[in-house]
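The following note sets out points on pocket lining, helix packing and charge pairing. Please read it alongside the model.

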Amino acid sequence: MTRPTILKALYLGVVSGILLGLLLKLIESITTVRVYTLLLNIDFIPIIGGIAWGETVEFIFHVLVSIVIAFVFVYLVIRLRIEKSFSKLLFLSFILCLPTFGLYFLLSSLAIKDVPAWNDWLAFTYWSVAHLFYVWVLPVLYKKM
């Protein structure tokens, strides 16, 4: 990857991750459904889960995951040569983010903190809508650059 490509992937990951986090924080503040808390929750991860991280550090962890997704997205866009097709960019973004929908069930089941239950369908809907927003933001930001 060239330096401009690396910077593009970093930008995509940081901005899209921040937007997803802010959207889930807004949803949680309006509805009190703890989807933002679920997004940031790492209490079930051995070693680091036992540390009382602040919200800012947990948010940084979330953005780092988004950066990894963005790097894979940019790499595949270039490799597949689909830069010009928004529909293909959107499809790729959806495929890459598909696991996040299932992660809701895993994360809510493993969490020690008070987060939505694995079978809280309203919370799952909020989670899914926010992640569909993320799916859309990646190719939009990519095309704007």
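1. Helix α3 contributes the most to the lining of the largest pocket, supplying six residues. Helices here are DSSP runs (H or I, at least four residues), numbered from the N terminus. At least two lining residues come from each of α2 (35-40), α3, α4 (86-110) and α5 (121-144).

2. The model is predicted: local features need pLDDT of at least 70 and side-chain atom pairs pLDDT 80 or more, while totals for chains, interfaces and linings use all residues. Residues are numbered from 1 along each chain as its sequence is written, and side-chain values use heavy atoms, with hydrogens and water left out.

3. The volume of the largest pocket is about 350 Å³. A pocket is an open set of points on a 1 Å grid over the protein atoms alone where a 1.4 Å probe fits, with protein on both sides within 12 Å along at least five of seven lines; lining residues have an atom within 4 Å of a point. The volume is the space filled by probe spheres set on the points, which are joined across faces, edges and corners.

4. Of the 20 residues lining the largest pocket, Leu39, His62, Val65, Leu103 and Leu107 are the closest to its centre. The lining comprises 14 nonpolar, five polar and one charged residue (nonpolar: Ala, Val, Leu, Ile, Met, Phe, Trp, Tyr, Cys and Pro; charged: Asp, Glu, Lys and Arg; polar: the others, Gly among them).

5. Helices α1 (residues 3-31) and α3 (residues 55-80) have axes that come within 7 Å and cross at roughly 135°. Axes are lines fitted to C-alpha atoms, for helices over the stretch in contact, and angles run from 0 to 180 degrees between N-to-C directions. This makes α1 oblique to α3 (under 35 degrees is roughly parallel, over 145 roughly antiparallel, 65 to 115 roughly perpendicular, the rest oblique). The contact of α1 with α3 involves 16 nonpolar, seven polar and two charged residues.

6. The axes of α3 and α5 lie 12 Å apart at an angle of about 55°; the two helices are therefore oblique to each other. For α1 and α5, the axes come within 9 Å and cross at roughly 150°, so this pair is roughly antiparallel.

7. Two salt bridges are found in the whole structure (a side-chain nitrogen of Lys or Arg within 4 Å of a carboxyl oxygen of Asp or Glu). Glu55 forms a salt bridge with Lys25, with the closest N and O atoms 2.6 Å apart. Because Glu55 lies in helix α3 and Lys25 in helix α1, the pair ties together parts 30 residues apart in sequence.
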